[in-house]
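Subject: Structure handover

Hello,

Here is the structure you asked about. Please open it alongside this message; my notes follow below.

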Amino acid sequence: MTASVAQQRVSRDLLEAEAALDEALLRQAQLLSTMVHVRRETGFAPFTGQDALMRLVRSQQAMVNAGGELARVHGRLSDIAVAIGGDDPCPSKQAVLDDTWADSDLQATAEPFTQSRAA
């Protein structure tokens with residue numbers, strides 16, 4: 001297998017994993033919303049199923065944490081791609097900030113992420 005093919009396979013699978021995490025978060029958010037709506041619309045007591053809601057929220061937090069770890073994997077793989085002389089298929093940090101985070105307050109929020117990536 002060539003380095004180019006390997007990079008393409010890893011990139012594809014990484015993007016699919018990132019998309020799957022986002023999808024799981026969306027589905028969990030929908031479930032949380034449905035659970036609260038059902039409780040309210042059926043007239044159950046306000047704290048019925050509270051333990052299940054709390055477990056779901058912990059599950060969501062775990063997914064958010066997993067997303068952070070996956071972002072670190074992504075960053076490390078990008079670093080490796082550059083180190084072995086390949087192309088980094090990801091946009092530069094500055095391009096991401098310029099395109100997505102035009103507001104200066106949002107750029108300040110991004111600082112810790114971009115600094116931790118360099119570490």
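Glutamate 23 and arginine 27 sit four residues apart in helix α1, about one turn of the helix. Helices here are DSSP runs of H or I with at least four residues, strands are runs of E with at least two, and both are numbered from the N terminus. The two side chains form a salt bridge, with the closest N and O atoms 2.8 Å apart. A salt bridge means a side-chain nitrogen of Lys or Arg within 4 Å of a carboxyl oxygen of Asp or Glu. Glutamate 23 is partly exposed at 36% relative accessibility, while arginine 27 is exposed at 59%. The cut-offs are under 20% relative accessible area for buried and over 50% for exposed, with partly exposed in between (1.4 Å probe, protein chains only).

Before you read on, two notes on the source. This is a predicted model: local features need pLDDT of at least 70, side-chain atom pairs count only at pLDDT 80 or more, and totals for chains, interfaces and linings use all residues. Residues are numbered from 1 along each chain as its sequence is written, and side-chain values use heavy atoms, with hydrogens and water left out.

Now the other salt bridges. How many does the structure hold? There are three. Glutamate 69 pairs with arginine 72 at 3.5 Å, N to O. Both lie in helix α2, three residues apart, again about one turn of the helix. Arginine 72 is exposed, at 53% relative accessibility. Aspartate 13 pairs with arginine 12, and their closest N and O atoms are 3.1 Å apart. Aspartate 13 has a relative accessible area of 38%, so it counts as partly exposed. Arginine 12 is partly exposed too, at 44%.

Next, the overall layout. The protein chain has four helices and zero strands. Along the sequence the pattern reads α-α-α-α. Of its 119 residues, 13% count as buried. The accessible surface is about 8700 Å², and 60% of that belongs to carbon and sulfur atoms. Areas come from the Shrake-Rupley method with a 1.4 Å probe; for residues, only the protein chains shown count as cover. Take the contacts between residues at least 6 apart in sequence: 59% join residues at least 24 apart. Contact means heavy atoms within 4.5 Å.

Is glutamine 60 buried or exposed? It counts as buried, because its relative accessibility is 15%. Leaving aside neighbours within four places in sequence, glutamine 60 contacts Leu25, Gln28, Ala29 and Leu32.

There is also a nonpolar patch on the surface. Val10, Val73, Leu77, Ile80 and Ile84 form it, with about 390 Å² of accessible area together. Patches are made of residues with over 30% relative accessible area and no salt bridge; like charges are joined within 9 Å, and nonpolar side chains (Val, Leu, Ile, Met, Phe, Trp, Tyr) within 5 Å. Helix α2 (residues 50–83) gives the most to this patch, with three residues. Valine 10 belongs to helix α1 (residues 3–42). Valine 10 is partly exposed, at 42% relative accessible area.

Last, glycine 85. This residue lies in the loop between α2 and α3 (93–100). Glycine 85 is exposed, with a relative accessible area of 62%.

Best wishes
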